[in-house]
There are 4 protein chains.
Amino acid sequence: MYSFLNDYSEGAHPQVLEALMKTNLIQTVGYGEDEYCQQAKQLIKQSVGNHCDIHFVVGGTQANATVIASVLRPYQAVIATDEGHINVHETGAIEATGHKVLTAGHEEGKITVAKINQLVEAHVDEHMVQPKMVYISQTTELGSYYTLNELKDIYQYTSSHHLYLYVDGARLGSALAIEDAPTLSDLSKYSDVFTIGGTKMGALFGEAIVIVNDDLKNDFRYHIKQRGGMLAKGRLLGVQFQALFENDLYIRIGKQENELSMKIKQALEEKGYQLAVQSITNQLFVDMKNKDIERLEKDFMISHIKPLDKETTRVRFVTSWATDKEAVEKLCQTIQQL
Amino acid sequence: MYSFLNDYSEGAHPQVLEALMKTNLIQTVGYGEDEYCQQAKQLIKQSVGNHCDIHFVVGGTQANATVIASVLRPYQAVIATDEGHINVHETGAIEATGHKVLTAGHEEGKITVAKINQLVEAHVDEHMVQPKMVYISQTTELGSYYTLNELKDIYQYTSSHHLYLYVDGARLGSALAIEDAPTLSDLSKYSDVFTIGGTKMGALFGEAIVIVNDDLKNDFRYHIKQRGGMLAKGRLLGVQFQALFENDLYIRIGKQENELSMKIKQALEEKGYQLAVQSITNQLFVDMKNKDIERLEKDFMISHIKPLDKETTRVRFVTSWATDKEAVEKLCQTIQQL
Amino acid sequence: MYSFLNDYSEGAHPQVLEALMKTNLIQTVGYGEDEYCQQAKQLIKQSVGNHCDIHFVVGGTQANATVIASVLRPYQAVIATDEGHINVHETGAIEATGHKVLTAGHEEGKITVAKINQLVEAHVDEHMVQPKMVYISQTTELGSYYTLNELKDIYQYTSSHHLYLYVDGARLGSALAIEDAPTLSDLSKYSDVFTIGGTKMGALFGEAIVIVNDDLKNDFRYHIKQRGGMLAKGRLLGVQFQALFENDLYIRIGKQENELSMKIKQALEEKGYQLAVQSITNQLFVDMKNKDIERLEKDFMISHIKPLDKETTRVRFVTSWATDKEAVEKLCQTIQQL
Amino acid sequence: MYSFLNDYSEGAHPQVLEALMKTNLIQTVGYGEDEYCQQAKQLIKQSVGNHCDIHFVVGGTQANATVIASVLRPYQAVIATDEGHINVHETGAIEATGHKVLTAGHEEGKITVAKINQLVEAHVDEHMVQPKMVYISQTTELGSYYTLNELKDIYQYTSSHHLYLYVDGARLGSALAIEDAPTLSDLSKYSDVFTIGGTKMGALFGEAIVIVNDDLKNDFRYHIKQRGGMLAKGRLLGVQFQALFENDLYIRIGKQENELSMKIKQALEEKGYQLAVQSITNQLFVDMKNKDIERLEKDFMISHIKPLDKETTRVRFVTSWATDKEAVEKLCQTIQQL
């Protein structure tokens, strides 16, 4: 049984693991003030620019809760799509920090300026929360991605309406490998804060938080510590991100997982299955006949998203840095024979 | 200019004010442990039964935040309609206590068992919040009300699905005056906790919280104190609720405000205006032509809810214990002449 | 039995009640945006200056939680004495908004610059909370008061150390009546935010929050609404504070309660009882022999603070706007005869 | 420069790292529902008993905040010593979940039944928080430890006073290696919940939470997820704890670090330096002359805790699983030559 369930089924990319092994017995100071973290930050700054502050935390829910709680005042809210990770899949972690998540419908997994504006205009006085941040995910929870132009449009709106734009980059590598998607440098121009995900991109764990806007930089380490995101052996985050950003490994991983994903997509389409949401990233959502799913699941594991009717279910295929090419070929063959 | 803006434009019902004056110089202990509070509780218990615990707090947002935060564990959420007061008009007070408000669409301002069930079935594991309470308002934010049968259906669902049912009775008096709406005794059978609103029913301020379910009674005074709802001169709440519940004043107020409201409704309907939401309570929502609104607003104040198009706006008329009969007649005549 | 238990045993000062009666049936807009609130604010500004923002909320715990939560960022803490009301008697209301209360010992109920400085110097990095506000009560929880010079010293320290100074004026009137205590004008020079308590000074309820520092003014009404402090019939607060600030009623009340209190103090001292904490305000703490307490309690109610040994208990006498002069005389006579 | 700064200066114990390498490419399900976590739990249950629930989270602050917030109701507080990690070194993480930390003085770093009782007796009604949990650290923040008898005494008190006892075992291995200290089996009898620290005991990171009391077990995974402690690659925690609990590695590490620590202690004592706090664990606190510290710091790194006077500073020496025996010998020689 080969798993296409998600992009965190294995441990770390061999180069990441090797870096951890090499540095294992070297003594450093704790809590991320070591030289590995410094070096990793320098490496990332080559892409995002020196005007950004960079911090590392362990996981994605933590990163989201820490960033959002650090930015908002108690009565302010964050806007996300109704499929947004912070809205659905973080067990109310944002609300646990005291903030409402305002939701808008989505188009192909993405929020639009019109939908943001609707929420902004509906919240007019002190009897309602005050929208202050827009949260988007790149790539989105449904496998789509924001083009550079789409990002610019959203940022143009948020920056002119006293809103902050936060990009959750849990799967950023997959987007960075796409031509018309924003680069790291673009993100450091057209957002206020974003993350570069490690966990789903070949690290054992770890997310880099890139704070672009000066207003959001102050005392950020206090927020990390309070929300439980400060690792005693903080070096582990530096060592891993250093490995991920040497020789463009991070983007190469994204490119490779997209390529394998596109093979699956092609096999599906040749069989007459259109994607439920447009995607050229490492996540594919498809509405499949249950008997076809059953056949696939003799050899492969895939996620069931939701039943659509008695005969059809929405499923998800995910590729990762670790996805075996032969497994993909075998999967494609099996799809062809459905 | 006579105001039909809301039901808290004046001070207190004369009987309430008189009771406050009469008792003003009597010394009592503080924080609601005085004899007036005891007497008021006894009086209310005659309607709701001795199995209920009763507490008084100052305001509605406070009552909602205190009740909901007292019931839910950190990862649990409350279900409301998207128009629910806790969702829209309390500046994130519920989220400020750490809890997500899950929203369902509404039918005539009301939640349905089907919509509750959809949310319950969609929240399956620890990656999502756990729905644990259903919040409804009686009467609703849109002027409709739940019949006894509707309440029974919802309670039947919640009590068999490990959910608590909470009824926000900010305008309960208006509903109590309706024949097929649940009585106080019904509420103490078919809900877990509910409030009896004073602020919008003739008190200077104050809400009575009636805890029906034994599981929710423990240490409730701690919750009140922590959330800022414990009045030093707690007697003021007892004195007022005692006045409101003597000789059925509370229900008589509801009856009277409904009657005046129905006169306005009739005038509107005779003029060809149908209510936007069905209502036989003290709140009427109507989509009116802007030129008609302008005419009315030469003599009367009414709430603008939202513009519908260039020529039409949804407005609200509200009657209260203090609404002047002659003002209503004059309003009706003005409507007839539109 | 006459009660010297506290200063909230009765309702409202007759002039306050009369103002409520007079305005009872006048229609106003809600939530404190009415003209009574405007007038009361103007009246108070005559004392505190036009540079201050003024808001009214219902109660003291609410005022404290709202102010403190509005000022601090999530990782910041407020400093108080170990006897501070926010530390002991608000059921963790401050912590419920997410903030630590750092405590210092007190001298005669008061914090000192040295003690503040100790805490500031002990909190050096992001592994600890960051002290950002100092909370003091005027008069203090133990009946003492800060002189103008003491206030200046503390403010000189806080303003030069990036700390905000917050003065809880629940019993401010008693202090305003003392010669070398800061006036309202002084408070608006030597603090960042303070409250003028109504509940314990003759109102039915209500505290005025005076925001001095511009940095703390933004969007404050959102904070009030979210924390449950915004009264629908907000006019009630305006009407009461207007009455309290016309013809110096507020200070006259303070003067009168101090005078009566000093009579009790004198009687106690003549009997050989020294105050446990220095006080010329309306609160007296005394360590009395239990048999003397028993004798007093045949005719009077006083608070038991804590047993000191088998034969002695610390008790508290409190006078208020409503304290009956004859009752004080009778109390003094009883003390003389102990 | 060899570091005795702390016990998290290096990466992972070689056996832990080897286990991570071996399993790196095996596909598992995420979020701790994999077989490695199951096996690790089984292994730990052999020591703590099958009546316990076991969960793994990434870090200590996270573990503390998650456990404490999961146990307490909003108005309840946790008792710790003033030196308790949750009180001083977690940036208000507990308060950020809404709960007050009540502090007692300590004796040799430890809380006593008398001190707990004092706090319990001082918190009598709803105007104050309600103490509901006692937090102790084993070993303590100051290097001391609770004997089995001391633990029993505390648990006897807490369990008979409706309090929960929580033992923070960040450095539990060091205590487990001491004869009269409680074993894992003892902890599962005489506490309600405790942690087994990995981070400071040879893991890259990770704490095992052992829930003993049935009342605290419900829905615990929701709490972990909400507080950001659920690792996508949850297997990493299982793999590491499996390695730590095979062949008693965990206790052997504790024994070894204690032995090396005792060598340093002996050298210090021979030089006339008595420990500031009694310790036979891996942490030694000593008040040293500054000139001696300067000499040591030519070759070694040690923590400065606080200056005591112009000539003396309290410092800390820590040994760990990774501490080099030769470095300890060299340190001891240097101490001898001071």
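Student: How many residues of domain 1 of chain A are in contact with domain 2 of chain A?
Tutor: This is a predicted model, in which local features need pLDDT of at least 70, side-chain atom pairs count only at pLDDT 80 or more, and totals for chains, interfaces and linings use all residues. Residues are numbered from 1 along each chain as its sequence is written, while chains are lettered from A and ligands numbered from 1 in the order in which they are written. Two residues are in contact if their C-beta atoms, placed from the backbone, lie within 7 Å. Domain 2 of chain A brings 23 residues to this contact, and domain 1 of chain A brings 19 residues.

Student: Which element gives the largest share of the side of domain 1 of chain A that touches domain 2 of chain A?
Tutor: Helices (H or I, at least four residues) and strands (E, at least two) are DSSP runs, numbered from the N terminus. On that side, β9 (283-289) and α12 (249-270) of chain A each supply at least two residues. The largest share, eight residues, comes from α12(A).

Student: What pLDDT does chain A average?
Tutor: pLDDT is the predictor's confidence in each residue, from 0 to 100. In chain A, 100% of the residues score at least 70. The model scores ipTM 0.96 and pTM 0.97. The average for chain A is 97.

Student: How many residues of chain D are in contact with chain A, and which elements of chain D give two or more?
Tutor: The contact joins 39 residues of chain D to 39 residues of chain A. The elements of chain D that give two or more residues are α1 (14-22), α3 (60-71), α5 (93-96) and α10 (220-226).

Student: What rotation superposes chain D on chain A?
Tutor: Copies are superposed by least squares on the C-alpha atoms of residues with pLDDT of at least 70 in both. The shift along the axis is 0.0 Å, the RMSD is 0.0 Å, and the rotation is 180°. The two copies are thus related as by a two-fold rotation axis.

Student: How many residues does chain A give to its contact with chain B?
Tutor: Chain B gives 16 residues. Of the interface residues of chain A, 100% are also interface residues in chain B, so the copies meet through the same surface. Chain A gives 16 residues.

Student: Which elements do the buried residues of α12(D) pack against?
Tutor: A residue is buried if 20 or more other C-beta atoms lie within 10 Å of its own, exposed if 12 or fewer, and partly exposed in between; C-beta atoms are placed from the backbone. The buried residues of α12(D) include Tyr250(D), Ile251(D) and Leu268(D). They pack against α8 (172-176), α11 (235-245), β9 (283-289), β12 (312-318) and α14 (325-336) of chain D.

Student: Is Ser320(B) buried or exposed?
Tutor: Ser320(B) sits in the loop between β12 (312-318) and α14 (325-336) of chain B. Leaving aside neighbours within four places in sequence, Ser320(B) is in contact with Asp7(B), Glu257(B) and Asn282(B). Because Ser320(B) has 26 C-beta neighbours inside 10 Å, Ser320(B) counts as buried.
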